[in-house]
Amino acid sequence: MMDVATKSLTGQGIALSFGGIEVLKGLDVEFRAGEITGLIGPNGAGKTSLFNCLTGAYHPQKGAISYAGHSLEGLPPAARAQKGIVRSFQHVALSPDLTVLENVMIGVARNYHSGWLHAFLPTVRGRHEKAEMRADAERALAELGLAKAADKMPSELPPGMLRLVEIARAIVGRPAVLMLDEPAAGLNNSETRDLMRSLSALASPDLVMVVVEHDMDLVMSICDRIYVLNFGAFVACGTPAEVRSNEEVVRIYLGSDDD
Amino acid sequence: MSDHPVTIKAVHPPLPERLRELVASDLGSYVLAVVLIVLPLLVSGSWMFAIGVCFANAIGVLAVSFLVRYGGEVSIGHAFFAAVGAYSVAILDTRFGLSLLVSVPLALVLGVVTGVAFAWPSRKLSGIYLAVSTMALALAVPELINNTDALTGGYEGLYVSKPLIPGLPMSFQRYYVALAVLIAVVFALARFRHSRQGLTILLSKAHPAAADAFGTRQVWARCAVLGISGGIAALCGAMLAFAGSTVSPSGFTLWSSIFLLVGSVVSFYGLTLARALIGGAFLTLVPQFLSASGAWIPVFYGLALLGMILLGHYLPRLKEMMARHGGTA
Amino acid sequence: MNDVLRDLFPLAWSGMITGCLYALGAMGLVMIFKSSRVVNFSHGNVAGFAAFLIYGFSSGVLLDLSWGAAVLLTIVAVVAIACLTYAVIAPLVFDSDLTATIATLGIGLIAQGATLLIFGADIVSLDLPIPRFSTSVLGLRITGYDLTVLGVAIVTIGALFFVIDYTKLGIAFRAISENSFAAEVCGLNLRSIHLFSWVVAAVLGVVGALLIVPTTFLSVTTVAAFMLQAFAAAVIGGFASLPGSLIGGILIGVLMNLFTFYVSPQFSSTFLLCIILLALNIFPNGILARVGGSRV
């Protein structure tokens with residue numbers, strides 16, 4: 001049994017710049033398994049850039065990123081996904097040609113490996129695999145209260161529900177690291193509450209969960225630890241209570257909301 | 001370029017229509033298949049030959065439509081892959097005396113391999129850039145065939161005569177083998193739509209970054225789509241050789257590629273048996289009827305292509321207008 | 001060594017001359033692409049049709065006009081075809097550039113069929129009133145044809161750049177090719193600029209087609225085949241740069257000449273395919289694109 005503490009996603013000295021503009025200034029960060037970690041900061045602080053470095057969309061010029069002690073350097077997003085590092089998208093990225101259920105089934109695709117023959121012919125293994133993927137997807141949809149939408153096309157659902165489908169797709173494959181990019185954007189209050197409940201229920205000792213979010217209520221109530229980012233550097237890090245009482249944070253982040 | 005996923009509007013009808021279509025096509029496909037199986041009892045030999053070639057062309061139309069549906073890309077170079085399949089069959093037949101049992105699988109494999117081999121250098125291209133490079137692909141075909149005439153028979157082509165099952169009349173074999181391959185391709189594509197690979201490829205078409213984040217690299221999706229499409233096109237070529245009995249470079253020009261695209265557009269990029277047959281029939285029967293004046297063929301195809309595109313453009317708008325009218329009245 | 005040089009210079013020279021013509025064709029493609037994001041696959045067929053019209057108008061097949069009048073009448077006809085084409089395609093352009101591109105294939109098919117219907121599939125010879133002389137400069141044989149092509153190309157391209165740089169229409173064209181949305185917001189009429197580029201492209205196509213004919217015969221496929229080199233030239237230039245397509249045209253002209261002479265005349269289309277794929281991969285935005293300025 002692996003020690004729980006080693007199963008974390010860590011970044012050391014992550015530095016990223018675009019054409020001479022420093023976006024991330026050597027960040028040290030640790031996202032621990034069993035915790036929900038929030039990543040907040042004003043617009044343009046570098047949250048999304050850090051997020052993209054962790055998922056492999058960007059490759060930082062300096063620094064190291066590793067999961068459970070294994071370096072992720074140079075791995076593209078697809079290879080990180082194979083290691084169970086999965087993200088949701090801020091802008092809903094579902095296929096309009098597929099039903100909601102089929103879209104969610106893609107989230108488990110990486111756990112199955114039947115060959116091309118099974119894709120074209122009605123083989124027993126292929127059918128079995130599809131049934132399993134379907135069952136997984138149905139379960140994930142049910143967890144988020146979307147069971148009824150399973151056979152609808154994405155174009156028939158309101159934006160809030162599409163966002164939940166997006167999250168269902170991220171969690172269905174039982175990820176080791178789950179990174180959510182503004183999961184509550186576009187959700188109404190009751191949907192946000194449902195989402196918070198589901199996310200809290202999802203937390204498990206083996207799961208690293210990272211949430212980038214604007215909704216302070218959500219972050220404060222579900223996160224165990226919060227990193228506050230401004231101008232590409234961390235301003236504060238700690239429990240919600242610590243962050244809330246940090247004067248610097250109140251000034252640069254929460255204060256700016258009142259302007 | 002990835003910011004501009006190429007969409008072809010007529011492809012996504014609304015759900016109720018899709019459901020109806022699905023039911024109709026599934027049932028329709030079976031009925032149609034039965035009709036086609038008994039058809040040779042009713043028609044004359046020359047018609048049987050023409051319909052056999054029509055099946056072959058329908059497979060080619062499916063290859064182009066598959067690329068549109070799953071890759072969002074348009075090809076005007078599929079005659080290249082068809083030529084690969086056709087010459088696999090013709091060369092194995094005339095030079096080595098091997099029947100379809102060997103040559104069709106070989107054609108399929110070579111089609112997939114050349115599809116992937118083309119996908120790799122063009123992996124970063126999309127939309128019109130890819131279309132231009134497929135055009136270049138099609139242009140290279142006739143001269144490649146003509147200049148390897150020791151193998152391909154050059155300008156004069158090759159005659160395919162070896163039966164699949166010795167003893168049975170060749171005319172029936174030409175018809176039924178082409179039909180069997182067409183039905184097999186339609187069946188396989190219907191399975192593929194619900195397969196794991198099919199789902200991820202469709203996501204990759206709409207949102208490459210999202211597919212990437214779930215373990216499907218865009219390059220892989222592109223290679224897979226072009227490989228499958230190339231394989232189907234090679235089967236088309238193999239059947240053109242067998243059902244049409246001759247292969248020559250004039251059958252695999254840039255125009256042949258464009259005609260395949262015309263067939264695909266005319267069938268609204270459908271992957272069902274009926275849609276494929278519409279495209280195939282268009283490619284086979286129009287020249288048949290216009291054979292007296294060959295010059296009318298390109299004019300007719302051009303008009304049909306424009307007509308279908310404009311129909312696809314205006315029909316949804318017209319429907320919308322009528323619906324709004326109906327709603328207020 | 002001397003032998004190589006003796007062959008190389010004339011090959012490069014004649015390659016450059018035909019390259020200028022490829023460039024004229026390519027610039028037409030690029031004009032249309034820059035303004036409306038459509039690849040005009042009918043370009044070669046329409047230009048071929050035009051060459052046949054000149055033949056028809058001047059030889060007595062259709063009319064028996066003087067050469068100049070035939071060219072003028074043809075240009076009028078081609079401009080009319082361009083307007084008609086754009087009228088058909090215009091509604092699609094704003095919908096999906098790929099659909100509009102497929103539609104141009106339909107136009108090309110019709111032009112091809114019309115040529116066949118009116119003039120048949122035979123090869124005809126079209127003579128141009130080009131001064132027939134040749135001199136030798138430093139061992140290089142320069143003919144009246146070469147100088148005519150060079151002169152016409154320089155005048156045409158010069159006029160085009162002047163129009164684009166200094167006239168109101170040209171400035172609007174540049175604005176639209178940079179950012180069509182912003183240009184429209186600023187009150188520019190997209191359709192009239194599109195039409196401008198289609199008409200200019202058609203005229204460029206006629207000039208190119210007319211000048212390429214003396215090097216070969218005129219048949220249904222001659223000009224269409226010539227336009228393929230123009231496509232390659234446009235691709236090398238990045239498909240959105242007029243100076244790029246000029247360089248691309250000359251490069252293609254020289255490279256094709258060298259390839260057919262030194263390697264093989266039979267695989268020229270395959271060579272073209274390789275050039276196109278290579279160019280698209282190494283310089284996806286054309287040889288003139290600034291390093292690091294890739295659009296992602």
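Select A:F231 to begin: with 15 C-beta neighbours inside 10 Å, this residue counts as partly exposed, the class between buried (20 or more other C-beta atoms within 10 Å of a residue's own) and exposed (12 or fewer), with C-beta atoms placed from the backbone. A:F231 is not a glycine, yet has a positive phi of about 50 degrees, and its place is in the loop between β9 and β10 of chain A, where strands (E, at least two residues) and helices (H or I, at least four) are DSSP runs numbered from the N terminus. The model is a predicted one, in which local features need pLDDT of at least 70 and side-chain atom pairs count only at pLDDT 80 or more, while totals for chains, interfaces and linings use all residues. Residues are numbered from 1 along each chain as its sequence is written, and chains are lettered from A and ligands numbered from 1 in the order in which they are written.

Select next A:A68, in the loop between β4 (62-67) and β5 (70-71) of chain A. Phi of A:A68 is near 50 degrees, again a positive value in a residue other than glycine, and A:A68 counts as partly exposed because 18 C-beta neighbours lie inside 10 Å.

**The sheet of chain A**

Now display the strands of the open six-stranded sheet of chain A, whose order is β6-β7-β8-β3-β9-β10 and whose pairing is mixed; two strands pair if DSSP finds at least two bridges between them. At the edges are β6 and β10 (233-238) of chain A, each pairing on one side only, and the twist from one strand to the next averages 15 degrees.

Select β8(A), a strand that is mostly covered, with five of its five residues buried. A:V208, A:V210 and A:V212 point one way from β8(A), whereas A:M209 and A:V211 point the other way. Five bridges join β7(A) to β8(A), the two running parallel, and A:D181 stands opposite A:V212 in β8(A). β3(A) also runs parallel to β8(A), joined by four bridges, and the bridge partner of A:I36 in β8(A) is A:M209. Moving on to β3 (residues 36-40) of chain A and β9 (residues 225-230) of chain A, you will find four bridges between these parallel strands, with A:L39 opposite A:Y227 in β9(A).

Helix α1 (residues 47-55) of chain A lies across β3, β6, β7 (177-181), β8 (208-212) and β9 of chain A, running at about 150 degrees to β7(A); axes are lines fitted to C-alpha atoms, for helices over the stretch in contact, and angles run from 0 to 180 degrees between N-to-C directions. Helix α6 (residues 159-171) of chain A lies across β6 and β7 of chain A, at about 165 degrees to β7(A).

**Two domains of chain A**

Colour chain A by domain: domain 1 (1-84 + 175-259) and domain 2 (94-172), with bounds that come from an automatic or database domain assignment. Their centres, taken over C-alpha atoms, are separated by 27 Å. The contact takes 14 residues from domain 1 of chain A and eleven residues from domain 2 of chain A, two residues being in contact if their C-beta atoms, placed from the backbone, lie within 7 Å. On the domain 1 side, α7(A) supplies the largest share, five residues.

**Between the chains**

Show chains A and B together: 33 residues of chain A are in contact with 24 residues of chain B. Chain A and chain C do not touch, their nearest C-alpha atoms being 10 Å apart, and of the two pairs of chains in contact, chains B and C share the most contacts.

**Inside chain B**

Select helix α3 (residues 78-96) of chain B and helix α5 (residues 127-146) of chain B, which pack at an angle of about 35 degrees with their axes 7 Å apart. Here B:A79, B:F80 and B:A83 in α3(B) meet B:L137, B:A138, B:V141 and B:I145 in α5(B).

Finish at B:I59, which touches B:V181, B:L182, B:V185, B:I232, B:L235, B:C236 and B:M239, not counting residues up to four places away in sequence. B:I59 and B:M239 have the most contacts inside the largest nonpolar core, a set of 287 residues; such a core consists of buried Ala, Val, Leu, Ile, Met, Phe, Trp, Tyr and Cys residues joined through C-beta atoms within 7 Å. Helix α10 (residues 218-244) of chain B gives the most to this core, with 16 residues.
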